[in-house]
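Hello,

Here is the structure we discussed handing over. Please open it first, then read the notes below.

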Amino acid sequence: SDTNGELNISKTIIAQGVAGFIFACVAGQPLVILLSTAPLAIYIKIVHDICEANNLNFLTMYAWVGLWNGFFLILYGMTEASYLMKYVTAFTGEIFSFFIAIAFIVDGAKPLAKVLDSNFYGCSGGVCDQGQALSYFILLAGVAIVGIILTSFRWAKFFKYTVREIVSDYGLPISVLFMTLVRHFVLFPVKRECNLSDLL
């Protein structure tokens, strides 16, 4: 949805399959599985926003970004620039993680702000569904709170260390699943914004 269907799930899976096959054949690492990551998804969204703002073709721009990235990777490989990684501290990685977290928080808050605005401040024809807006807020806050609690479960005094470690590692998926069940069985239904067919 971030690229308005120009780079959808089907195209991504096909591209990853082709790239993974080529990578396995020429890179000497046949067991490596290439997948999209959260930073890459944000990067694709940013590239698409830049293309829309400057009236550029997204797929052409994305292809050139990939070729340019490939050029630098070959250059780094030929010059053994990875040797410089020993000078990079954990602080650099933490800064990168911080910006990724901020980007996801903003992306998560935008739909909530839109629902709150349309159901509290910008009611069309005087009809507002404040219950829907409140349920959105409960679900968003619930996922965050339960996720934080479960992630910090590693230092709790309950259960054995192995159980605490598993709960902590899978805290976010568990919180999403838990709040999904809350939404279906406790809260009133939230209207779906899209169908599965829209994503393909």
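**The second largest pocket**

P39, L40, Y43, Y62, V65, G66, W68 and N69 line the second largest pocket. On a 1 Å grid over the protein atoms alone, a pocket is an open set of points where a 1.4 Å probe fits, with protein on both sides within 12 Å along at least five of seven lines; lining residues have an atom within 4 Å of a point. This is a predicted model: local features need pLDDT of at least 70, side-chain atom pairs count only at pLDDT 80 or more, and totals for chains, interfaces and linings use all residues. Residues are numbered from 1 along each chain as its sequence is written, and side-chain values use heavy atoms, without hydrogens and water.

The second largest pocket holds about 270 Å³ of space. That volume is the space filled by probe spheres set on the points, which are joined across faces, edges and corners. Two helices, α2 (38–53) and α3 (58–79), each give at least two lining residues. The largest share, 5 residues, is from α3. Helices are DSSP runs (H or I, at least four residues), numbered from the N terminus. By class, the lining has 6 nonpolar, 2 polar and no charged residues. Ala, Val, Leu, Ile, Met, Phe, Trp, Tyr, Cys and Pro count as nonpolar, Asp, Glu, Lys and Arg as charged, and the others, Gly among them, as polar.

**Helix packing**

How do α4 and α5 cross? The axes of α4 (residues 90–121) and α5 (residues 130–151) come within 8 Å and cross at roughly 160 degrees. Therefore α4 is roughly antiparallel to α5 (angles over 145 degrees). Axes are lines fitted to C-alpha atoms over the stretch in contact, and angles run from 0 to 180 degrees between N-to-C directions.

In α4, G108, L112, V115, L116, N119 and F120 meet Q130, Q132, A133, Y136, F137 and L140 of α5 (contact means heavy atoms within 4.5 Å). This contact has 8 nonpolar, 4 polar and no charged residues.

α5 also packs with α7 (residues 171–185), at an angle of about 145 degrees, with the axes 8 Å apart. The α5 side of that contact includes I138, L139 and G142, and the α7 side includes G171, L172 and R183. By class, the contact has 10 nonpolar, 5 polar and 1 charged residues.

Best wishes

Note on methods: Angles under 35 degrees count as roughly parallel, over 145 as roughly antiparallel, 65 to 115 as roughly perpendicular and the rest as oblique.
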